[in-house]
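Please walk me through this protein model.

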Amino acid sequence: GLFGSMYRRADQEGEMLNTPHSMQQDSLDQTQRNEAPTPSGVPPSSRHTHVETLFGQEAAAGAEEEGDEEKLARLGPKEQLLVVSCWLTLKEVGLTLGATMGAVPLDSERYLTRPQLIESGNLLLDIIFSTLHNGAIEKARLGFQRLCERLLRCPRAHIRFLPSEWLDRLLERLPAPDVPVVRRSSQLSFSILAILDAEVAGTARPLLARAMLTLIAAAERGVAGQGAGGELRSRVHALNILRHLFLDTTLAKEVAAFIPDALILTIKGFAADSWAVRNSSTLCFSVLLNRAMGGGTKRMSFTPGEFFLRYPTLCPGLLARLAVATANLEPGNGANAGQEEMHPELQPVLVLLSNLAPSQHVRDDLAHLAAFVPPVRQCLAHRNEMVRAMAARALVSFIPAASAPTAIDATLLGALRDPPPLTSPHAFRNNNLVHGFLEATRRLVRHQCGAPDLCADVAESLAARGDWH
């Protein structure tokens, strides 16, 4: 196994003992390669000899009971029955070990010694890393978490640090080629999550802090080594593990401090060369966005001021990513404005900003948030309609209600004083700009001009523009 497999021992005759793990591995040889079952009339391969022998012994033992073989045949193919039985056995093994760890005292070596505890942890990790069934992985994860809980609270210092050693070994396996990324890196994720959930609640949680810093660094730069593709594998694994950690409700308060750094690195991941990194960044970003907005089934409505007061370190990083995403857009209201290709990082930034609630007023200490307005306004001329729509939603959040009439008159409709003639070759391109400004004006009037005096100011501004507007 990957973690020692110390539970396999040779018997007195030198043969290996049959364990649920070994039986499952043999029975999965055919199903993992998606091969068809052996046709009738063809002798079974050597790897299935023990399967035929096993069921032959079952049939012989129950020969006096009529219909046993027919009952087995109706349940399904023999290999499939064996695989299901192995999965069920592994689930019970995980639960049994978890229950044992919860009941046996660990204050002395009277019941369990240090090698036996290491052997139990290695067995549970082997089940997690060698099983493709989510149910078996989940039950082994619960047993491993229970073991780590008892170890972290044990008065014996030489075994209290075993979960820390397991965590280091798991983080070292991020670039390993034999750890698959299928199922969103569930094997690494469940193992690390079990250790972090086992820490004492309400304390500093040093294991969580160390794991988060390591995973964020690996997700951003990767971990070199262990053959070709190690850096790419480590980035994908780290992003998938971070997604699981931010999804875990037990760690919701503790991981909130890492949301700004994780958001920035997932936004950068949208522009990665590898599809696997982009895909994992997208999945992690959706979870982070939900957590940043309050999490749960019902999101909270944060204004830009409230949001960036909650995550102050996110403001400069988000401004930097927005500047990078809009650097290729032509400034101003020219005929070629917004005709460039959309930068990959532009979509997540606009999605985040468009989820913020409109502001009624701006505090003096939050005046720096006005720096978001020029690059967002620049996106109103983009040739992609959804970019213009998201930019219009985001712009509303940064213009307070008292400043809405002035913004409409000066920066939106006021910028359309001299439209090109309909016969101009750039008339269609200019229509994108007109649509974006009108969409932003419509949203500002709907959300920020509810008061009668503000509506009168906007109507007066529109009337002063003549029939072009």
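Eight names mark out the lining of the largest cavity: Thr131, Leu132, Ile137, Pro180, Val182, Arg183, Ser186 and Gln187. Keep in mind that this model is predicted. The volume of this largest cavity is about 40 Å³. The structure holds 2 cavities of 30 Å³ or more. How are such spaces found? Rolling a probe the size of a water molecule over the atoms shows where empty space is left.

Which helix gives the most to the lining of the largest cavity? It is helix H9, residues 182-197, with 4 residues.

Helix H8 covers residues 162-172. Its buried residues are Leu162, Pro163, Ser164, Trp166, Leu167, Leu170 and Leu171.

Now turn to the nonpolar core. In soluble globular proteins, nonpolar side chains tend to be buried together. Here the largest nonpolar core has 114 residues. Phe246, Phe307, Phe308 and Leu353 have the most contacts inside it. Take Phe307. Setting aside neighbours within four places in sequence, Phe307 is in contact with Ala292, Met293, Phe302, Leu314, Leu352 and Leu356.

Ala357 and Phe302 are 55 residues apart in sequence, but 5.5 Å apart in space, C-alpha to C-alpha. Where does Ala357 sit? It is found in the loop between helix H17 (346-354) and helix H18 (373-378). Is Ala357 buried or exposed? Its relative accessible area is 18%, so Ala357 is buried. Not counting residues up to four places away in sequence, Ala357 touches Ser301, Phe302, Thr303, Pro304 and Ser397.

Next come the charged pairs. Side chains of opposite charge can pair when their charged atoms come close. How many salt bridges does the structure hold? There are 12 salt bridges.

Start inside one helix. Arg146 forms a salt bridge with Glu149, and the closest N and O atoms are 3.1 Å apart. Both residues are in helix H6, 3 residues apart, so about one helical turn separates them. Arg146 is partly exposed, with a relative accessible area of 32%. Glu149 counts as buried, because its relative accessibility is 18%.

Other bridges join separate helices. The side chains of Arg210 and Asp168 meet in a salt bridge, at 3.0 Å from N to O. This pair links distant parts of the chain: Arg210 is in helix H10, Asp168 is in helix H8, and they are 42 residues apart. Arg210 is partly exposed at 31% relative accessible area. Asp168 is partly exposed at 32%.

Helix H10 takes part in another link, between Lys268 and Glu220. Their side chains meet in a salt bridge, at 3.4 Å from N to O. Lys268 lies in helix H13 (residues 259-269) and Glu220 in helix H10, so the pair ties together parts that are 48 residues apart in sequence. Lys268 counts as partly exposed, at 33% relative accessibility. Glu220 counts as partly exposed too, at 36%.

Finally, salt bridges can form a network. Which residues are linked in this way? Glu138, Arg141 and Asp197 are.

Conventions. Residues numbered from 1 in each chain as written. Predicted model: local features only at pLDDT ≥ 70, side-chain atom pairs only at ≥ 80, totals over all residues. Heavy atoms only, no water. 1 Å grid on protein atoms, 1.4 Å probe; cavity = no way out; pocket = protein on both sides within 12 Å on 5 of 7 lines; lining within 4 Å. Points joined across faces, edges and corners; volume = space filled by probe spheres on them. Helix = DSSP H or I, 4+ residues; strand = E, 2+ residues; numbered from the N terminus. Core = buried A, V, L, I, M, F, W, Y, C linked by side-chain atoms within 4.5 Å. Buried < 20%, exposed > 50% of the residue type's maximum accessible area, 1.4 Å probe, protein only. Contact = heavy atoms within 4.5 Å. Salt bridge = Lys/Arg side-chain N within 4 Å of Asp/Glu carboxyl O.
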